[in-house]
Amino acid sequence: MPTSSDFEQMLRESALRVTSPRLAVLSVVHEHPHADTESIIDLVRGELGTVSAQAVYDVLKALTGAGLVRRIQPQGSVARYETRVGDNHHHVVCRSCGAIADVDCAVGHAPCLTASADHGFSIDEAEVVYWGQCAECFSSPSP
């Protein structure tokens with residue numbers, strides 16, 4: 001588990017000023033992967049007390065721009081954030097409850113970074129979202 005000092009170092013290495021809101025948002029996103037913005041705002045307020053929603057939005061934008069946080073938005077979902085960056089992992093999303101879990105890079109016959117046509121692009125990342133039902137929703141009878 002990264003410490004506050006680790007988060008401070010990450011900010012400095014990304015040429016971002018170390019501020020209480022940035023530290024709080026990094027900590028919250030690390031502790032609550034795939035949290036949505038409203039949840040992050042509530043959790044940061046619980047940690048810092050008063051902080052504006054706009055400040056949290058601005059911090060999320062800065063952290064995402066610096067590559068410290070990854071923004072994902074599965075179809076039909078609000079934006080969500082995580083600190084697992086740079087490893088080209090993917091996600092599985094429950095169609096019933098919206099739960100999201102990380103999935104390591106696709107293997108086997110499903111190519112991860114090999115597109116059928118690159119159209120002249122230099123591809124360095126693939127985004128794959130698997131859809132289904134989580135174990136809890138799958139085992140629960142429909143109402």
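Hi everyone. Let me begin with a definition: a residue is called buried when its relative accessible area is under 20%, exposed when it is over 50%, and partly exposed in between. What we have here is a predicted model, so please keep that in mind.

With a relative accessibility of 25%, V128 counts as partly exposed. You can find V128 in the loop between β5 (100-103) and β6 (129-132). Which residues does V128 touch, leaving aside its neighbours within four places in sequence? Those are H90 and H91. As for L60, its C-alpha atom is 22 Å from that of V128, and the two are 68 residues apart along the chain.

L60 takes us to the helices. The axes of α2 (residues 20-31) and α4 (residues 53-65) come within 10 Å and cross at roughly 75 degrees, so α2 is roughly perpendicular to α4. On the α2 side, the contact is made by P21, R22, V25, L26 and V29; on the α4 side, look for V56, V59, L60, A62 and L63. Sorted by class, that contact has 9 nonpolar residues, 1 charged residue and no polar ones.

Now, the cysteines. How many disulfides are there? The count is 0. A disulfide needs two cysteine sulfur atoms within 2.5 Å. The cysteine sulfur closest to that of C97 belongs to C137 and is 3.7 Å away, so it is too far for a bond. C134 is in no disulfide either, and its nearest cysteine sulfur, again that of C137, is 3.6 Å away. Both C97, at 46%, and C134, at 23%, count as partly exposed.

Terms used. Residues numbered from 1 in each chain as written. Predicted model: local features only at pLDDT ≥ 70, side-chain atom pairs only at ≥ 80, totals over all residues. Heavy atoms only, no water. Axes fitted to C-alpha atoms, helices over the stretch in contact; angles between N-to-C directions. Helix = DSSP H or I, 4+ residues; strand = E, 2+ residues; numbered from the N terminus. Parallel < 35°, antiparallel > 145°, perpendicular 65-115°, else oblique. Contact = heavy atoms within 4.5 Å. Nonpolar A, V, L, I, M, F, W, Y, C, P; charged D, E, K, R; others polar. Buried < 20%, exposed > 50% of the residue type's maximum accessible area, 1.4 Å probe, protein only.
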